[in-house]
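Please open the model in your viewer and keep the selection panel at hand. We will go from stop to stop, picking residues as we go.

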Amino acid sequence: MADELVLLFVGSGLSEQKAKETLKNEVVSQSLKSSLDQVGKLSPGLQKDKDIGKLLYHTATKLKARKFQSIIVDYHNPLDPVDYGKFEGECGVGVVITPDMVEAAVEEVIAKHRNGLTTQRYKYNIGLIMSEARAKLKWADGKAVKSEVDMQVLDLLGPKTAADLEKPTKQKGGKGPKDVENAKKKDAIKEAPSVENFLGKDGEVMSFMELMGEAVKFHKPGENYKTSGYVITPKTMDILKQHLKETGGKANNGNCYLRYDDTNPEKEEEKFFTGIKDMVEWLGYKPWKITHASDNFDKLYGYAVELIRRGHAYVCHMRSEDIKGFNPPDSPWKDRPIEESLQLFEDMKNGKIQEGDATLRMKTTLEEGKKDPVAYRIKCIYPTYDFTHCLCDSIENISHSLCTKEFQSRRSSYYWLCNVLDLYCPVQWEYGRLNLSYTVVSKRKIGKLITDGCVRDWDDPRLFTLTALRRRGFPPEAINLFCAKVGVTMAQTVLDPSMLEACVRDVLNIKAPRCMAVLDPLKVTISNFPGDHSGEITVPDFPADEARGSHKIPFTKTVYIERSDFRENADKNYKRFSCDQPVGLRHAGYVIAVESVKKDGSGNVTEILATCKPSSDCEKPKGFIQWVCNPLVCEVRLYDKLFYHKNPEDSNEVPGGFLNDVKRDSLQVIPNAYVDQSVKNAKSLDRFQFERIGFFTVDKDTTPGKVVFNRTVTLKEDKDKN
C-alpha cells in the first residue's frame with residue numbers, strides 16, 4: 001500500500017523524497033490521496049497534471065478546515081444550491097489576459113497620470129499607477145503589469161537623471177495637496193525597495209527591517225493574544241502584564257537576541273557557532289545579547305519535572321528508532337503513575353538508564369498528527385527542540401519568535417507547553433524559507449561535496465552559504481535588498497539565482513570603483529606614440545560621477561587588449577577592433593588603427609602594430625575597448641553554476657543523485673590575467689568593476705606576490721554588443 005501511495009504522489013508531481021516524507025504523516029497522506037482520488041473520478045489524466053498536483057498538495061498540508069477540502073477539489077458546497085457560474089466568475093475561471101490587454105490598460109492609466117509624471121518624473125507615486133492598472137485587469141499577472149508600467153514610464157521619461165536620484169526634501173508648513181492625496185490612497189500598492197534608496201547615511205548597511213518598513217507588521221507589545229491561533233488561558237492577561245513590566249514594552253526597535261539551540265551534544269561544532277555570529281553581524285545586525293539554550297538547562301530540567309507532576313509528561317520505553325520519523329501508536333506507558341515517571345526521569349539524569357532505553361514524552365498532539373513528541377532523550381540527558389525552544393523564548397521574555405515555515409507544525413506544542421506550565425507565552429511567527437535553484441543547502445550534503453572534492457570548503461564561492469557568498473564578493477546590502485524585494489511570505493519560495501545577482505549588480509554599480517583588465521591579453525604596439533605624452537592618464541573611479549574620485553594608470557606605446565576584441569576580418573555589425581576598423585581606447589583620448597599583424601607558426605595573432613590619433617582629430621569610432629599598460633599580473637577565478645539542473649536533489653530530475661549533477665568545470669582559473677596598477681594595494685574583499693567584463697572581488701588567497709580575484713557577477717548582457 002505504501003509503495004502504491006508513493007507512486008501516486010510522485011505521479012502527481014511530488015519528488016520521490018517529498019512523497020516518502022508525506023507518507024510519514026498519516027493525516028496529510030490520506031488527505032492528499034482523497035483529493036487525488038476525487039480528481040481521478042473527474043478525469044484520470046488530471047491525477048498526473050503536476051500543476052494540479054501542487055495545488056492538491058498545498059490543500060492537503062495547509063487547509064485547517066478539512067471539511068471544505070472537497071469544495072476546492074470539485075466545487076462541492078455544503079450550502080445548496082450552488083451557483084457554479086457565479087463561483088467560477090468570482091474566481092476568474094476562464095479569464096484570459098493577453099499582453100495586448102495589459103499594454104492597453106497601462107497606456108490608459110499612464111495617459112491619465114501623464115501631467116503628474118512629466119512634472120514630478122520618478123518621484124511621482126508609481127504605486128498609484130500600479131493600483132489603478134491592476135484594478136482594470138483583476139486577473140492579470142502582477143509581474144506582467146509591473147513590467148509594463150516600468151517600460152512605459154521609462155519610454156515616457158527616459159532614464160533617471162541625477163536629480164531623479166536625489167532624496168526629496170521635506171516641506172515646512174504642513175501637508176501639501178499631493179501629500180493629502182497620497183494619504184487617502186491607503187490601498188495603493190507599495191513599490192519594492194529600489195537601488196536608489198537602500199543605503200543609509202554614509203553608505204551604511206540598511207537592515208532588512210529598515211528596507212521592508214511597514215511591509216512587516218507584528219503585533220504590538222503585550223497584544224500577543226490578538227494573533228491568530230494564540231491560546232488564551234485564565235492566567236494569560238496577568239502573565240502578559242508582568243511581561244510588559246519586565247520588558248518595558250519593547251518590541252520593534254527593541255532588543256534582538258541571538259540564541260544557539262545547542263541541544264545535541266553530538267552535532268554542535270564551535271566553527272558553526274562563530275560562523276553564525278560572523279554572518280549575522282556581516283549582514284548588518286549587532287545582537288543585543290548572545291545566549292545558548294544550554295544556559296537554561298537547569299531551569300529546563302525543573303520545568304520537565306513540573307510537567308510530569310502536572311500529569312502532562314511521562315517516561316516512555318519505546319526506543320528512539322521506533323518513534324523517529326513516523327507517528328507511533330499510543331504508548332503503553334502513557335498512563336503510568338506520576339511518581340514512577342518522576343523517579344525514572346531522575347534515573348535518566350543520573351545515568352542509571354542505558355542510552356536509548358527511555359525518553360520523556362509530552363502528552364500533546366501536533367498539527368500534523370504526531371502524538372506525544374519527545375522532550376528529553378538520554379545522551380547526557382539533553383532536551384529536544386520541541387521542548388527547549390518555546391521555554392527559552394519564555395525565559396528570555398521574547399515578544400516575537402521568528403522561524404521558518406516547517407516549524408508551523410510545532411506551534412500548537414509551543415503554545416501548549418508554555419500554557420500548561422503557566423509561563424509567559426511568546427508568539428511564534430512562521431515565514432517561508434527563501435530557497436535558490438541550482439544548489440543544495442543541507443550541512444550533510446555540503447559536507448559530502450567537500451569530502452568528494454567537488455568544492456573546497458564551506459566558503460567555496462560556488463556554494464550559496466553566506467560565507468561563500470561573502471567570499472565571492474556579494475555585498476551584504478545586496479542580500480538585504482534581495483530579501484526585501486522578495487518580501488516576507490508564508491509560501492515556500494524557490495528563486496533563480498539570477499534575481500539575487502541582479503541585486504548584487506545594483507549595489508556594486510554604485511559601490512565598486514572601476515578599473516581596466518584583460519583576461520586573455522593581446523599585445524598592441526603603437527608605432528607613432530606621441531613623444532610629448534606624459535606616459536600617464538587619470539581615470540575616474542566612477543565615470544558617471546567623476547566627483548567621487550580617480551586613479552592614475554600608465555599609458556605608453558605598448559598596451560594590451562582583450563584578444564576577443566580583435567578580428568582580422570569583421571562583418572558590418574562588428575563594433576570593435578579589426579584590420580579595417582579603428583577602435584577607441586577607453587579613457588585614453590586616442591583611437592588606434594591596425595598597421596600590421598604578427599602571427600606565430602600556427603597562424604595565431606601574437607602582436608598588432610598600430611598607429612594612434614587623438615580622438616578629437618578623427619571620426620568617432622564604432623566602439624571603445626578597455627586596455628592595460630605595464631599591468632599587474634593577477635589570478636582570476638571565474639565561477640559557473642555548480643549543478644546542471646535547477647533541483648539537483650530531485651530524484652526525478654537527477655536520478656543519479658546530486659553528486660552526479662555537479663559541473664566539474666564550474667571553476668575556471670586564469671593564472672595570468674592583466675589588471676591595471678590601481679588594484680595593487682587591494683585587500684581581501686575589496687570589490688571592483690573590471691570595465692566591460694564584470695564585477696570582481698579580492699579573494700583571501702591573495703599573497704604579497706599575487707592578487708587573486710573572484711568574479712562576483714558578470715555585467716548585464718548587452719544585446720547590441722558585438
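What follows is a tour of selected helices, strands and side chains.

**Before you start**

This is a predicted model, in which local features need pLDDT of at least 70, side-chain atom pairs count only at pLDDT 80 or more, and totals for chains, interfaces and linings use all residues. Residues are numbered from 1 along each chain as its sequence is written, and side-chain values use heavy atoms, with hydrogens and water left out.

**Stop 1: a helix with a buried face**

Select residues 99-112, which make up helix H7. Helices here are DSSP runs of H or I with at least four residues, strands are runs of E with at least two, and both are numbered from the N terminus. H7 has 14 residues and reaches 20 Å from its first C-alpha to its last, close to the expected 20 Å; the expected span is 1.5 Å times one less than the number of residues.

Now colour Val-102, Ala-105, Val-106, Val-109 and Ile-110, the buried residues of H7. Buried means under 20% relative accessible area, exposed means over 50%, and partly exposed lies in between (1.4 Å probe, protein chains only). Look down the axis of H7: its buried residues fall within an arc of 135°, so they line one face of the helix. That arc is taken from the directions from the helix axis to the C-beta atoms.

**Stop 2: two positive phi angles**

Go to Arg-121, in the loop between helix H8 (114-120) and helix H9 (126-136). Arg-121 is not a glycine, yet has a positive phi of about 50°. With 22% relative accessibility, Arg-121 counts as partly exposed.

Next, select Asp-372, in the loop between strand S4 (359-362) and strand S5 (374-377). The phi of Asp-372 is also positive, near 50°. Is Asp-372 buried or exposed? At 3% relative accessibility, Asp-372 counts as buried.

**Stop 3**

Two strands pair if DSSP finds at least two bridges between them. S3 and S4 run antiparallel and are joined by four bridges; pick Val-315 to find Leu-360 of S4 opposite.

**Stop 4: rings and charges**

Which residues do ring pairs link into a cluster? Select Tyr-301, Phe-345, Tyr-376 and Phe-387 to see them. Rings of Phe, Tyr and Trp (its six-membered ring) pair if their centres lie within 6.5 Å; planes under 30 degrees apart count as stacked, over 60 as edge-to-face and the rest as tilted.

A charge sits over a ring if NZ of Lys or CZ of Arg is within 6 Å of the ring centre and within 35 degrees of the ring normal. For another such case, show Arg-548, which lies over the face of Phe-542 at 3.7 Å from the ring centre.

The whole structure holds 15 aromatic pairs. One of them is tilted: Phe-555 and Trp-627, 5.0 Å centre to centre with 50° between the planes. This pair links distant parts of the chain, 72 residues apart, with Phe-555 in the loop between strand S15 (550-554) and strand S16 (558-562) and Trp-627 in strand S23 (residues 627-628). Phe-555 is buried at a relative accessible area of 1%, and Trp-627 is buried at 0%.

**Stop 5: a side-chain contact**

Move to strand S24 (residues 632-639) and select Arg-637. Arg-637 is buried, with a relative accessible area of 7%. Show Glu-635 as well: a polar contact of 2.8 Å joins the two side chains. Such a contact is a pair of N or O atoms within 3.5 Å; within protein, one must be able to donate a hydrogen and the other to accept it, and residues adjacent in sequence count only if both atoms are side-chain atoms.

**Stop 6: a covered strand and its partners**

Finish at strand S27 (residues 694-698), where five of the five residues are buried. Strand S26 (residues 687-690) pairs with S27 in the antiparallel sense over four bridges, and Phe-688 stands opposite Phe-696. The two strands form a hairpin with three residues between them, and Arg-692 in the turn has a positive phi of about 70°. S27 also runs antiparallel to strand S28 (residues 708-714), joined by five bridges, with Thr-697 opposite Asn-710.
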